[in-house]
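Subject: Structure handover

Hello,

Here is the structure I promised to pass on. My notes on it follow below.

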Amino acid sequence: MCGIVGCILKENKDVAPILFSCISKLEYRGYDSIGIATYDNTINVKKGKGDIETVNENLNFEDMKGDLGIAHTRWASTGRPTDANAHPHMDNSQSVAVVHNGTLENYTDLKEELIEEGFTFKSTTDSEVIPNLIKKFMEKGKSLEDALRKTTEKLKGSYAIVAISKDEPDKLVATRKDSPLIVAYGEKGYFVASDTPAVLEYARDVIRPDECEVAVLTKDGIEIHDKNGENVKWESKYIDWTPEMAQKEGHPHFMIKEIIEQSEAVKNTLGQKANIQKIIDEIGDVKRICFVACGTSYHASITGKYLIESMAGIACDVVIASESKYTARTWDEDTLVIFISQSGETYDSRMALKEARKTSKTLAIVNVAGSAMTDEAEFVIQTQAGPEIGVAATKTYIAQLTAIYLFAGLLSKNGELIEELNKVPAYIDEAVKERETIKELSKMYTFAENIFYLGRGFSYPIALEGALKLKEITYIHAEAYPAGELKHGPLALIDEKVPVIVVVPPGEDYDKTMTHIEEVKARGAIVLCVGAKGDEKIAENSKEIIGINPEVTDIIAPLVYTVPLQLVSYYVTIEKGYNPDKPRNLAKVITV
Ligand code: M6R
């Protein structure tokens, strides 16, 4: 999983500073190495292992000459993060340079064939076969564009590729299959990139080429060609996100900025009410709903199931995308399959969506405009969280929940719930204001090795999300359990060394949850409760309490109680000296 960018300027100015600025915006897609290639009578390549800023300090990308070029930020999938494995990769004769995002399943076969023909390789990546294959076809008389097309005929797996060649130095060519790629234009020139935030500063009119189409960018404009090389009529979409929306705006990390922005994300997503009603009307009657998602989006799906089953009385399943193949066999024309994904690019979810389209109505709830799933699903709700750069999903999660609450409220004609949603932004802001207190109490979790999160009913997905956030950025082992399930095994793990965080809002499950607090306290656990401010019973039964506005009851708790748990994870991470925006081994968009 990587970020790629290509640019050709209309005027003869140096492109490197623009490429560098664009690729910096894609660091959330990968950050183990970076590289840039530009054309200036010959192809110059600078690349190295490390994050963008460090590598730039060593190599000074902005010095590079030439008015067209390509750039790459890598998250290693095939081959370790090293200087040699950093992109761009070049062919043996140093005349073709390529950046690639994706995974080639048959690269070892291709590499062996090329080695037999006398080619040599400098890296251990799958990607290096691509420039060599392109060059091989160009030597047989193919144009750069046709050589790229011939090359992709040999590739198995996923790819978004941008290539330049010193034999055709006036253009960039790009194509994709199962990996994201956008083409964009602005005043200064023409761009290709993995994602829109890369180019927003320079270009806002965005085209999304279909699978296997080839985009050809020259100083005169953009052409998109189909697999036969015929012109495809393209349409662009104007993206109104501001570049500032993608910056930290004075906060030390994107994550805290994005947590603070959550009330805004809710307000903006509530603006989708009319669209959601229209979608519900168009979908018509369904007998069954199945949610499909991964990670945090899976937790949003569980809340969706609880809401729809309790309010609309429609049977709902929730399935992890990579485990959906058996459930998929039960989908039919009376099933609505709802896909939740902030990026709209998650490979596992996209593959399940491909299956669902064969039998059922499909709805995608997605944050990134113009992402793959927005093209692939029959119906689309776009959440309005704006760009999320921190790898840990925060505001996109709350925006997903908002869309789900609207969907469930409108589906079940529950006017009261819809009314209640209007109060949520204020509740979130109140919760965010408690961050100094949360920062203080988070210190006591820094040295924990295991932490348990408990919740019942609507609080169970809150616990799940709290635990996922903690483990992904603090690297502390965390488990979430439905509180009633603890006594069926995991209670054996509880002792005085294990902090237990209990989500206990006012509502139907309050009394039962209090009994579970007793259970863990009796085993010596240090209990932190997230509950209603001023609730004395909780205060008596726990070491610490994070107080939430008492008007927030269990049903809407996921939209508000999640916030302090995000803050706990954030502050424990800071206390431990880790970077919450770039957790190890993870990336923002999982296209493999
Ligand atoms: O883009 P998606 O919502 O489809 O991504 C799914 C998961 O990879 C994602 O939610 C992941 O679990 C979060 N980054 C965790 O914070």
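One definition to start: buried means under 20% relative accessible area, exposed means over 50%, and partly exposed lies in between (1.4 Å probe, protein chains only). This is a predicted model, so local features need pLDDT of at least 70 and side-chain atom pairs count only at pLDDT 80 or more, while totals for chains, interfaces and linings use all residues. Residues are numbered from 1 along each chain as its sequence is written, and side-chain values use heavy atoms, with hydrogens and water left out.

Asn 60 is partly exposed, at 34% relative accessible area. Its phi is positive, about 50°, although Asn 60 is not a glycine. Asn 60 sits in the loop between α2 (52-59) and β4. Helices (H or I, at least four residues) and strands (E, at least two) are DSSP runs, numbered from the N terminus.

Asp 178 also has a positive phi, about 55°, and is not a glycine. The loop between β8 and β9 (182-185) holds Asp 178. Is Asp 178 buried or exposed? Asp 178 is buried, with a relative accessible area of 9%.

There is a cis peptide bond too. It joins His 87 and Pro 88, with omega about -5°. Pro 88 is in the loop between β4 (68-74) and β5.

Domains

The chain is assigned three stretches: domain 1 (3-245), domain 2 (248-422) and domain 3 (432-580). These bounds come from an automatic or database domain assignment. The C-alpha centres of domain 1 and domain 2 are 32 Å apart. Their contact (heavy atoms within 4.5 Å) takes 14 residues from domain 1 and 18 residues from domain 2.

Between them, domain 1 and domain 2 bury about 1,400 Å², with 54% of it on carbon and sulfur atoms. Buried area here is the accessible area (1.4 Å probe) that two parts lose on being put together, summed over both.

Three salt bridges are counted between domain 1 and domain 2. A salt bridge is a side-chain nitrogen of Lys or Arg within 4 Å of a carboxyl oxygen of Asp or Glu. Glu 211 and Arg 350 form a salt bridge, with their closest N and O atoms 3.9 Å apart. Both belong to a network of salt bridges that links Arg 176, Glu 211, Arg 350 and Glu 376.

Other salt bridges

How many salt bridges does this rule give? The count comes to 33. Three of them follow.

- Lys 25 pairs with Glu 201, the closest N and O atoms being 3.2 Å apart. Lys 25 lies in the loop between α1 and β2 and Glu 201 in the loop between β10 (189-193) and β11 (205-207), so the pair ties together parts 176 residues apart in sequence. Lys 25 is buried at 17% relative accessibility, whereas Glu 201 is partly exposed at 44%.
- Arg 149 pairs with Asp 146 at 2.8 Å between the closest N and O atoms. Both lie in helix α5, three residues apart, about one turn of the helix. Arg 149 is buried at 9% relative accessibility, and Asp 146 is partly exposed at 33%.
- Lys 533 meets Glu 434 at 3.3 Å, N to O. Lys 533 is in the loop between β24 (526-532) and α19 (536-541) and Glu 434 in the loop between α15 (424-433) and α16 (435-442), so the pair ties together parts 99 residues apart in sequence. Lys 533 is partly exposed at 44% relative accessibility, and so is Glu 434 at 23%.

An enclosed helix

Why is helix α4 (residues 129-139) described as largely enclosed by the rest of the structure? 10 of its 11 residues are buried. Among them are Val 129, Leu 133 and Phe 137. The cover over the buried residues of α4 includes α3 (107-116), α5 (144-154) and β7 (159-165). Just after α4, Gly 141 takes a positive phi of about 100°.

A buried glutamate

Glu 27 lies in the loop between α1 (16-24) and β2 (33-40). Glu 27 is buried, at 16% relative accessible area. Leaving out residues up to four places away in sequence, Glu 27 touches Asp 51, Ile 52, Thr 73 and Lys 582.

Best wishes
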